[in-house]
Amino acid sequence: MAHVSLKGVCKSFGRTEVIKGVDIEIEDGEFVVFVGPSGCGKSTLLRMIAGLEDITAGTLEIAGKVVNDVPPKDRGIAMVFQTYAIFPHMTVRENVAFGLTINGVPKAEKAEKVAEAARILQMEHLLDRRPSELSGGQRQRVAIGRAIVRDPAVFLFDEPLSNLDAALRMDMRLEIGKLHQDLGATMVYVTHDQVEAMTLADKIVVLKDGEVMQVGSPMELYHHPANLFVAGFLGAPSMNFISVETQAVSDGRARVTNAALDPIEVSTTGRDIQTGSKAILGVRPQYLVPSATPSEGMLHGNVLLTERLGAETVVEVGLKDGTRVIAALGEDRVLEPGIEIGLGFDPAQAHLFAEA
C-alpha cells in the first residue's frame, strides 16, 4: 500500500494546457475513482501517476517519495488497461507471469505468485488456455492477474470495463470491488461511467476541463454537490434543473418560484444567492412524487412519456414554463401521455445554485 499525493500538477501539450494545477491526496489502501466526461483529463492524470506522461509542473509523490523523474518500472505501480494488452500466443499462465519472467523471478516463486493470483480471481481452470479461448471478462481477469503478481504499491485502472457488455461490466465491477477488499491495496480507477464511480469508490474525484470540480465520498457528492456540473453528472437519471426567481433571501433560506412552481423555501447554504436574482433549482428524479390531483404538489405540467422498467417507472413531464423534468417512481405505474400532473417534493432535498 502507498499514499499518493499530487500537488499543483499540470500537464501541457505545447501551448494547450490539459491538466490545470490539480491537488489530490490518495490515502493508503483507498479506492479513488477519477470520473468525468471525455476529454476532461482523467486518463492523462492516471498516465502521469504511472509515468507514461511527463509532468509539466507540480509534484507527484508515491509512498512519500517524489517520483516526477522516476521510470514507470521503479514507481511500485501496476496498470490495467482498457484493451487488456495480453499476448495472444501465450497461455493465461504465461501472460500472468510475463512481468515476473522478464524480471528474472525464480521459477518456484513465479509459480506460487501466479497460483495465488488465479485463486483470488477464480481462474485456476483457465491457466492453460489461450486468450482466443476466453471471454472478454476472462481476458480482463488475466490483465488484472498480471498486475496482482507484481505486488504493487498502487494499482491503476484505465477504464478497464468499457469494452465489456452490460452484464459483464456488472460482474467485473463486483469482482474489482471484492479484489480491493481482499488486497486492501491503494487503487486509482478511471471511468466516464458515474455508476462505476458511485459503486466502487471510497473517494471520487470529479474532473472537468483539466480541473477538479469536487472531491469526496460518493454519498457526499450525491447529497451535497459543489456546483451544477457535479450535480448533473452524478446520479441516474440526472438531476432536474429548473430556472427560478428568488423573491427573498435571508438566514440561509431563499423563497423561489416560476411559472410552473408554487413558491417554496429552500436552503442557500454555501451558495451566493441574492434577492431578486435568477437561480437554478435542482431536484433529483427519485424525490419527485405524483400528487393525488394535478392542482396539488409544487410542480405542474403534462406527462410526455412513460417508461415502465418493472421495479421503477420513469416519467418525463413537460412543465408549464416549458422545462422538461424526469420523475423516477419506485413502482410500476401507467401514466398516459398528455394527462395533467402535479409533482411534489421535499424542499429539504432540493438544491439551489446561482445561475451560470
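**View 1. A patch of negative charge on the surface.** Patches, as the word is used here, are made of residues with over 30% relative accessible area and no salt bridge, with like charges joined within 9 Å and nonpolar side chains (Val, Leu, Ile, Met, Phe, Trp, Tyr) within 5 Å. In this predicted model, one such patch of negative charge is formed on the surface by D23, E25, E27 and D28. Of these residues, E27 sits in the loop that runs between strand 2 (16-26) and strand 3 (31-35), where helices (H or I, at least four residues) and strands (E, at least two) are DSSP runs numbered from the N terminus. E27 counts as partly exposed because its relative accessibility is 40%; buried means under 20% relative accessible area, exposed over 50%, and partly exposed in between, with a 1.4 Å probe and protein chains only.

Residues are numbered from 1 along each chain as its sequence is written. Local features need pLDDT of at least 70, side-chain atom pairs count only at pLDDT 80 or more, totals for chains, interfaces and linings use all residues, and side-chain values use heavy atoms, with hydrogens and water left out.

View 2. The chain has eight helices and 20 strands, and its C-alpha atoms fill a box of roughly 75 × 45 × 35 Å along the principal axes. Buried residues account for 49% of the 356 residues in the chain. An unreviewed UniProt entry places the feature "domain: ABC transporter" at residues 4-234, an annotation that may be inferred rather than shown by experiment. Within residues 4-234, 36% of the span is helix and 26% is strand, and the end C-alpha atoms lie 25 Å apart.

View 3. In one of them the side chains of E53 and K11 meet at 3.8 Å, N to O. Since E53 lies in the loop between helix 1 (42-50) and strand 4, while K11 lies in strand 1 (residues 4-13), the pair ties together parts that are 42 residues apart in sequence. Both E53 and K11 are buried. The side chain of E53 also meets that of R47 in a salt bridge (3.5 Å, N to O), and R47 is partly exposed, with a relative accessible area of 28%.

View 4. The side chains of D182 and K178 meet in a salt bridge at 3.0 Å, N to O. The two residues are separated by about one helical turn, because D182 and K178 are four residues apart in helix 5 (residues 166-183). D182 is partly exposed at a relative accessible area of 46%, and K178 is likewise partly exposed, at 43% relative accessibility.

View 5. Most residues other than glycine have a negative phi, and most peptide bonds are trans. A63, in the loop between strand 4 (57-62) and strand 5 (65-66), has a positive phi near 55° and counts as exposed at 55% relative accessibility. D209, in the loop between strand 9 (203-208) and strand 10 (211-216), has a positive phi near 50° and counts as partly exposed at 44% relative accessibility. A cis peptide bond, with omega about -10°, joins A236 and P237, and P237 is found in the loop between helix 8 (228-233) and strand 11 (240-250).

Key:
Accessible areas come from the Shrake-Rupley method with a 1.4 Å probe; for residues, only the protein chains shown count as cover. A salt bridge is a side-chain nitrogen of Lys or Arg within 4 Å of a carboxyl oxygen of Asp or Glu. Lys and Arg count as positive and Asp and Glu as negative; His and the chain ends are not counted. The place of a charge is taken as NZ of Lys, CZ of Arg, CG of Asp or CD of Glu.
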